[in-house]
Amino acid sequence: WARPGPTRPRSPVPGEPARCAMQWLLSLGAASVASVAALKTDASIQTSVGFSAPLPPTVYRTGTALLQQWQVEALARREQTAVTAVQSQQKAIEAIATEQKNQNDQQATFQSQLRQVEVKERQLEDLLQRQTEELQVAQAEKRKAEVMLQEQSQAFLRARSLQVAVNNALEFGNDILRDQLLGAAVYFIFMMIMAKVYGMAFTYPYPKLHREPTVNRDHFTFSLFECCNWDPDAPSREAMRDRRIPCCSCCCGPIRWADTASSGKTKVVAFWPAAILAVAMNALAGVSFFITGFIFILIATLHRQQIRKVYGMPHGSCGNCTEDLCTWFWCSCCATMQEAMEIEYIDPPSKPWQQSMVESLMPSALQTSPSSSGRQERTACC
């Protein structure tokens, strides 16, 4: 049999080195038993040695002893080799086990470190997510703050613009108010001077009309635009020769209206209170946004209604009140002239009981018509 050579160590498997050593020892013992059994037959010994004649017993015994010694030495060497191999394998196994343990420890350490890294990574991810959310919230608050700041800036600019506009308007309004008050004061003083001049120089009696106008108690005797009547035979042409009524009505309307209101025929108010009231309300019309002017128009409308009542014309209805209001609102100069001509040139009708008493007590030859009796004497307004 061939001597087994040394085996090359392989990568150990847990439990495999002990099993391989046991198998090797069993195979070695079986080979030794087979060799001893073969030496007990002469034929096999001769054949193996190469002699054709039988060997002597001494040679046989010597060879057998040598062979046995050699086999024992071989077995001893093989046993030593096997023991050495087993020891080396045990060392290898121990080294492998130690290395495996080290690897396991390293792997456990690596797993622990990996878990720590994963934990830290999750913590970092959570921290990053929280920081991202906080950043988003901060950005949203920043945008909101920017929007609020922009709105506040726009509101401040609007308020500033409004304040500047209000200040400019107030300054402009103060300038206008100052100018208007100054103009109203100048107008009031001038009109008071004109009222004094009017009372001193223009209150002499009006001349008698040669052509008596036709009196109609349904409306005013003279029309609203009597100054534009170019008929030479019209009574108004004779009245227009005296320029006091048309000139004062157009240039000094409040004074002419005060003279008409202070007439003894209507007995509404005295001259100076009427003049001061009319001039003051017309002077303050621009300052009061025409409120005082409209109040004066209402007063003039009431006075016109009083003239209608005194002269027996229709009055007090909605239609003629609206007519008088529109007349004063749209053409105050013409209304002032019409009322002045009605008061100065036309006498109001007598009451029925007075007229019947006069006719019963006086002869018909001595009775005169109201138109031929002349105008009532007027009292001076100043």
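View 1. Buried residues account for 26% of the 382 residues in the protein chain. Keep in mind that this is a predicted model. Take the contacts in the protein chain with a separation of 6 or more: residues 24 or more positions apart make 71% of them.

**View 2. Inside the largest nonpolar core.** This core holds 35 residues, and the ones touching the most other members are I245, I255, W257, F271, W328 and Y345. Two or more core residues come from each of α3 (57-201), α5 (244-251), α6 (253-261), α7 (271-283), α8 (291-310) and α10 (332-345). Zoom in on I245: once neighbours within four places in sequence are set aside, I245 contacts Y206, R256, M337, A340, M341, E344 and Y345.

**View 3. Helix α9 and its buried side.** Residues 318-330 form helix α9, which has 13 residues and reaches 18 Å from first C-alpha to last, close to the 18 Å expected at 1.5 Å a residue. Its buried residues are N320, D324, T327 and W328. They sit on the same side of α9 because they cover an arc of only 90 degrees around the axis. Here's the background: an α-helix has 3.6 residues a turn, so residues three or four places apart point the same way. The buried residues of α9 pack against α6, α8 and α10, while C318 and W330 are exposed on the other side of α9.

**View 4. R304, an arginine under cover.** R304 belongs to helix α8. With a relative accessible area of 3%, R304 falls under the 20% cut-off and therefore counts as buried. Skip the neighbours within four places in sequence and R304 is in contact with F220, L224, D324, T327, W328, A335, Q338 and E339. Among these contacts of R304, D324, T327 and W328 are also buried residues of α9.

**View 5. E342, a buried glutamate.** You'll find E342 in helix α10. Its relative accessible area is 1%, so E342 is buried. Neighbours within four places in sequence aside, E342 contacts F220, T221, F222 and Y311. For a sense of the fold, compare E342 with I307: they are 35 residues apart in sequence, and their C-alpha atoms lie 8.8 Å apart in space. F220 turns up here as a contact of E342 and in the previous view as a contact of R304.

Key. Residues are numbered from 1 along each chain as its sequence is written. This is a predicted model: local features need pLDDT of at least 70, side-chain atom pairs count only at pLDDT 80 or more; totals for chains, interfaces and linings use all residues. Side-chain values use heavy atoms; hydrogens and water are left out. A nonpolar core is a set of buried Ala, Val, Leu, Ile, Met, Phe, Trp, Tyr and Cys residues joined through side-chain atoms within 4.5 Å. Buried means under 20% relative accessible area, exposed over 50%, partly exposed in between (1.4 Å probe, protein chains only). Helices (H or I, at least four residues) and strands (E, at least two) are DSSP runs, numbered from the N terminus. Contact means heavy atoms within 4.5 Å. The expected span of a helix is 1.5 Å times one less than its number of residues. The arc is that of the directions from the helix axis to the C-beta atoms.
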